[in-house]
Amino acid sequence: MRTAPTILHLDMDAFYASAEQAAKPSLRGKAVVVGGLGPRGVVATASYEARKFGVHSAMPMGQARRLAPNAAYLVPRFRLYREISEQVMGLLRELSPLVEPLSLDEAFVDLEAGETAWDEASAHAVGVRLRTDIRRVTGLTGSVGIAASKMLAKIGSEEAKPDGLVLIRPGTERALLGPKSVRILPGVGPATGDHLRRAGIVTVEEIAEAGEDELVRLLGKAHGSHLYAMALAHDDRPVVAERDSKSVSVEDTYDVDIHDRVRVRMEVQRLADRCVERLRAADRSGRTVVLKVRRYDFSTLTRSETLRGPTDDPAVVRESAARLLEGVDTTGGVRLLGVGVSGLADFTQEDLFAQAAAAERAGEVVEDAEAAADEVVGEAAPVEPVVERRWMAGHDVRHAEFGAGWVQGSGLGRVTVRFETPYSQVPGRVRTFRVDDPELEPAEPLPLVEPVGRVGVADAVETGVDVAAGA
Ligand SMILES: [Mg+2]
């Protein structure tokens with residue numbers, strides 16, 4: 001393990017929800033929940049205000065609505081989040097060639113490899129500057145953890161949240177981890193936590209005291225040894241640039257074992273989407289889809305399937321993961337699920353398989369909010385005059401008279417729009433229209449930070465800001 005704290009972990013604060021609050025002045029300081037709004041939707045991100053009501057990510061949307069009935073419920077705008085993500089990852093790549101994104105809003109950076117930091121003082125200075133730059137460029141806040149290992153850097157950024165920086169001095173790791181709950185260690189979900197607690201192990205120090213043999217006896221060889229090493233703060237995992245990595249994967253550990261097969265399928269779909277999000281963030285595609293299932297008894301299975309060509313199509317990865325799941329018995333309950341894609345290539349070869357899948361799902365109800373928005377635009381062709389337009393809560397619109405706004409809600413043939421932009425000083429006015437109002441149309445998201453030098457009518461028209469409305 002290195003001796004200087006030169007691994008940085010960045011995690012944007014409540015990313016999707018913060019982006020929505022920055023874009024929509026009327027939601028600043030309010031409870032905001034972003035996620036799937038359909039009957040099987042789950043929370044993607046909750047704002048800190050919504051978290052006070054107990055809402056958290058991966059929670060079924062119905063439960064969130066019961067806990068926080070007055071929160072704003074919005075469909076994600078992935079196009080905007082991806083744009084912000086590219087800005088953030090760009091800033092990280094200025095620090096080092098070794099940047100390992102974990103999702104759109106989270107990444108490890110090896111500062112030593114970038115020669116931007118070599119000791120505590122220089123690493124701290126880099127972290128401070130990075131946070132300032134992120135705020136200036138994106139208008140959002142991110143928290144930074146800095147340590148001598150990936151595990152501790154990630155724990156640092158967690159401790160720093162929201163909007164903070166924590167540097168963990170090498171040599172202090174075990175003292176810091178010791179009294180903390182075992183849940184702080186990566187891979188320890190509530191179910192594993194319970195299992196350990198029944199064996200009398202509650203803190204990290206108690207894992208260290210129990211010894212490796214006991215951990216292996218409790219959790220199996222791989223999981224047990226890994227956890228024991230983590231408890232001793234032994235973590236030599238290198239930062240691997242996504243460009244060089246052989247695979248991309250995401251996994252979730254669940255609060256309680258999942259027994260319901262429908263829920264297991266739903267979680268696998270959600271993980272497949274997140275995995276593709278990471279693939280796309282890195283401009284990669286892959287051929288082999290991997291499903292990981294850890295069952296109630298800690299037995300862990302992996303199943304994989306190799307496609308005919310590389311893909312970064314969420315529908316293809318979802319379908320493949322669903323097929324793999326069909327071959328796994330989950331009746332006793334599942335405590336961890338993961339989806340990965342390996343055999344990575346730098347570009348997507350549009351293969352027949354992907355195209356066939358795309359054609360197939362064109363006839364289905366589109367769940368992905370962005371795809372639905374694209375469809376509205378794409379289908380508004382003169383040959384097809386009767387188009388049922390779908391106004392998704394939170395999505396951008398433009399009205400010929402009132403300018404830029406966003407959908408606050410729709411139903412019963414009406415759509416309610418709030419006319420405000422990220423640059424509005426005060427919350428905007430709300431107006432209601434018929435869903436087929438010809439003056440209302442879907443629009444592109446506006447950048448959160450007003451582009452500099454955006455003066456004059458021509459520019460304003462280009463960015464979709466209605467000059468007449470005076471913003
Ligand atoms: Mg985050």
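Modeller: Leu301 is partly exposed, because 14 other C-beta atoms lie within 10 Å of its own. The cut-offs are 20 or more such atoms within 10 Å for buried, 12 or fewer for exposed and anything in between for partly exposed, with C-beta atoms placed from the backbone. This is a predicted model, in which local features need pLDDT of at least 70 and side-chain atom pairs count only at pLDDT 80 or more, while totals for chains, interfaces and linings use all residues. Numbering starts from 1 along each chain as its sequence is written.

Leu301 sits in strand S11, residues 300–311. Helices (H or I, at least four residues) and strands (E, at least two) are DSSP runs numbered from the N terminus. Leaving out residues up to four places away in sequence, Leu301 touches Val293 and Val328, where contact means C-beta atoms, placed from the backbone, within 7 Å. Leu337 is 36 residues from Leu301 in sequence, yet the two C-alpha atoms are 9.8 Å apart.

Arg263, in helix H12 (residues 261–281), is also brought together with a residue from elsewhere in the chain.

For the chain as a whole, 16 helices and 17 strands are found. Of its 471 residues, 42% count as buried. Among contacts with a separation of 6 or more, 62% join residues 24 or more positions apart.

The largest nonpolar core has 89 residues, and Ala19, Val32, Val33, Leu92, Val109 and Leu227 have the most contacts inside it. Such a core is a set of buried Ala, Val, Leu, Ile, Met, Phe, Trp, Tyr and Cys residues joined through C-beta atoms within 7 Å. Helix H4 (residues 78–93) gives this core its largest share, eight residues. A second, separate core holds 24 residues, including Val250, Val316, Ala321 and Leu325.

Ala19 belongs to helix H1 (residues 15–23), and eight of the nine residues of that helix are buried. Among the buried ones are Phe15, Tyr16, Glu20 and Gln21. The cover over them includes strands S1 (7–12), S2 (32–35), S3 (43–46) and S4 (72–74), together with H4. Ala19 itself touches Leu80, Tyr81, Ile84, Leu140 and Leu448, again without residues up to four places away in sequence.

The axes of H1 and H4 come within 11 Å and cross at roughly 100 degrees, which makes H1 roughly perpendicular to H4. Axes are lines fitted to C-alpha atoms, for helices over the stretch in contact, and angles run from 0 to 180 degrees between N-to-C directions. Angles under 35 degrees count as roughly parallel, over 145 as roughly antiparallel, 65 to 115 as roughly perpendicular and the rest as oblique. In this contact Phe15, Tyr16 and Ala19 of H1 meet Leu80, Tyr81 and Ile84 of H4. By class, it has six nonpolar residues, no polar and no charged ones. Ala, Val, Leu, Ile, Met, Phe, Trp, Tyr, Cys and Pro count as nonpolar, Asp, Glu, Lys and Arg as charged, and the others, Gly among them, as polar.

H4 also packs on helix H5 (residues 120–138), where the axes come within 10 Å and cross at roughly 150 degrees. H4 and H5 are therefore roughly antiparallel. From H4 the contact takes Ile84, Gln87, Val88 and Leu91, and from H5 it takes Leu130, Asp133, Ile134, Val137 and Thr138. The classes here are six nonpolar, two polar and one charged.

Helices H10 (residues 212–219) and H11 (residues 221–231) pack at about 140 degrees with axes 7 Å apart, which makes H10 oblique to H11. Glu212, Leu215, Val216, Leu218 and Leu219 of H10 meet Lys221, His223, Gly224, Ser225, Leu227 and Tyr228 of H11. This contact counts six nonpolar, three polar and two charged residues.

Some backbone details remain. Most residues other than glycine have a negative phi, and most peptide bonds are trans. Ala14, in the loop between S1 and H1, has a positive phi of about 40 degrees and is buried, with 25 other C-beta atoms within 10 Å. Ala58, in the loop between helices H2 (48–51) and H3 (61–67), has phi near 75 degrees and is partly exposed, with 13. Lys161 and Pro162 are joined by a cis peptide bond, omega about -10 degrees, and Pro162 lies in the loop between helix H6 (150–160) and strand S8 (165–167).

Notes
Two residues are in contact if their C-beta atoms, placed from the backbone, lie within 7 Å.
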